[in-house]
Amino acid sequence: MAPASPPPHPDSPASPARLVVLVSGSGTNLQALLDAIADEGAAGYGAEIVAVGADRADIAGLGRAERAGLPTFVCRVKDYADRAAWDRALAEATARYAPDLVISAGFMKIVGAEFLARFGGRTVNTHPALLPSFPGAHGVRDALAYGAKVTGCTVHFVDDGVDTGPIIAQGVVEIRDEDDESALHERIKEVERTLLVEVVGRLARHGYRIEGRKVRIS
Ligand code: GRF
C-alpha cells in the first residue's frame, strides 16, 4: 500500500476521475454509482465509470453495466493456472481502462500482489460490517450470530489483508431481534449504497492522502 496518494487525475483536476467498478453479484452498489453519475453528471459528481469487471459471468451486476452502455470484462479464477495468474489477468484487464480509482462493490475475491502493486492506495472496498469486527465473506451472518446490537458497513482502502485496509467511512445499522441475515443485509445495503456514493464522490472531487491508518480527504 502506498503511504500517500495524490489526488486522482492530477493532470486535469477539472476532468472526472475514471472508475473501474468490480462486482460479483446483484450490483446494487454499482447501480447507486451509475444513478448518482446520471443525476449529477460526471462533471458534477466528479467521476465516471469507464468499465465494470467481474469474477463470474451472467450476473445481474454485469447486466446493469451493459444496460448503461459500459464495457465489461470477466476474469474467472478457474480459467487461469493459479491464483497469481488470475490476479495478473485481473490487474491487466483493469489497467486497460486506466482508472484513477478501482471500486470493489460487492466483489467477492481477495486481490493479490500484482493487483495491489498497480492499484494499491486507490482501490476502495465496501464491507457489510463495522470493521475491524466481522471481516470476511460472512460479515452480516457473523454479526448476527455474535449477538451484536449494532452493525453496519465500512468503506475502506484495500490492502493485502482481508478487509484490513485504512477506513474511509462507516455507517451504523441497528440489529433487530427479529432480523435474519437477509433482512439485516438489505438494511445494511441501503446505508452502504448511500455511503459508497458519498465517499467515492468526495475522494474523486477533493483528492486524498493515506497516512498510516488515517485517510485524509483534502
Ligand atoms: C454488499 O453488501 C457488499 O458489501 C457485500 O456484498 C454486497 C454486494 O451487493 N460484499 P451488490 O452486489 O452491490 O448488490
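Which pocket is the space taken by the ligand? That space is the largest pocket; a pocket, on a 1 Å grid over the protein atoms alone, is an open set of points where a 1.4 Å probe fits, with protein on both sides within 12 Å along at least five of seven lines.

Please note that this is a predicted model, in which local features need pLDDT of at least 70, side-chain atom pairs count only at pLDDT 80 or more, and totals for chains, interfaces and linings use all residues. Residues are numbered from 1 along each chain as its sequence is written, and side-chain values use heavy atoms, without hydrogens and water.

Helix 1 (28-45), strand 5 (123-127) and helix 6 (181-206) each give two or more residues to it; helices (H or I, at least four residues) and strands (E, at least two) are DSSP runs numbered from the N terminus. Helix 6 gives the most, with three residues. Around the ligand there are 13 residues, each with a heavy atom within 4 Å of it. Ser26, Gly27, Thr28, His185 and Glu192 come nearest.

Next, the side chains. An N or O atom of Thr28 lies 2.6 Å from a ligand oxygen atom. For His185 the corresponding distance to a ligand oxygen is 2.7 Å, and for Lys189 it is 2.8 Å. The protein covers 91% of the 370 Å² of accessible area that the ligand has on its own, computed by the Shrake-Rupley method with a 1.4 Å probe.

Notes. A polar contact is a pair of N or O atoms within 3.5 Å; within protein, one must be able to donate a hydrogen and the other to accept it, and residues adjacent in sequence count only if both atoms are side-chain atoms. On a 1 Å grid over the protein atoms alone, a cavity is a set of points where a 1.4 Å probe fits but cannot get out, and a pocket is an open set with protein on both sides within 12 Å along at least five of seven lines; lining residues have an atom within 4 Å of a point. A molecule sits in a cavity or pocket if more than half of its atoms lie within 2 Å of its grid points.
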